[in-house]
Amino acid sequence: MPFVELDTNLPAGRVPAGLEKRLCAATAAILSKPEDRVNVTVRPGLAMAVNGSTEPCAQLLISSIGVVGTAEDNRGHSARFFEFLTKELNLGQDRIIIRFFPVEPWQIGKKGTVVTFL
């Protein structure tokens with residue numbers, strides 16, 4: 001059950017329409033998770049700085065169970081997410097930061113319980 005949050009200082013009008021759906025599909029493919037279990041939030045128009053600059057930028061946060069816990073895994077994920085984001089947002093790689101957060105099933109609540117018991 002991946003959670004993906006895209007924060008950007010790009011104004012909403014510069015974020016491509018339907019990006020959340022395409023990011024959902026890309027995440028499912030990259031992390032080998034079913035698309036109907038991927039959760040995506042896109043937040044444009046934020047006050048942000050990356051590498052000390054407020055030029056157009058983005059930060060992607062990815063939390064998931066079991067697939068973002070090693071440097072080797074995340075190196076491959078990072079390459080594919082960078083490819084997606086540079087094309088979709090028309091930003092250079094130096095203007096994008098990705099953070100990976102491994103989570104455990106007991107840390108996600110769903111259907112009145114936690115994923116551990118589903």
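1. Strands S1 (3-8) and S3 (58-65) pair in the antiparallel sense over six bridges. Here, two strands pair if DSSP finds at least two bridges between them. Strands (E, at least two residues) and helices (H or I, at least four) are DSSP runs, numbered from the N terminus. Val4 stands opposite Ile62 in S3.

2. This is a predicted model, where local features need pLDDT of at least 70, side-chain atom pairs count only at pLDDT 80 or more, and totals for chains, interfaces and linings use all residues. Residues are numbered from 1 along each chain as its sequence is written, and side-chain values use heavy atoms, with hydrogens and water left out.

3. S1 also pairs with S2 (residues 39-43), in the parallel sense, over five bridges. Leu6 faces Val42 of S2 as its opposite residue.

4. The open sheet has four strands, ordered S2-S1-S3-S4, with mixed pairing. S2 and S4 are the edge strands; each pairs on one side only.

5. The largest nonpolar core has 23 residues. Such a core is a set of buried Ala, Val, Leu, Ile, Met, Phe, Trp, Tyr and Cys residues joined through side-chain atoms within 4.5 Å. Buried means under 20% relative accessible area (1.4 Å probe, protein chains only). Among the residues with the most contacts inside this core are Leu6, Phe81 and Leu89. S1, S3, S4 (96-103), H1 (19-31) and H2 (71-89) each supply at least two of its residues. A second, separate core of five residues includes Ile65, Val103, Ile108 and Val115.

6. Which residues does Leu89 touch, not counting those up to four places away in sequence? They are Leu6, Leu10, Arg14, Pro16, Leu19 and Ala58. Contact means heavy atoms within 4.5 Å.

Note on methods
Buried means under 20% relative accessible area, exposed over 50%, partly exposed in between (1.4 Å probe, protein chains only).
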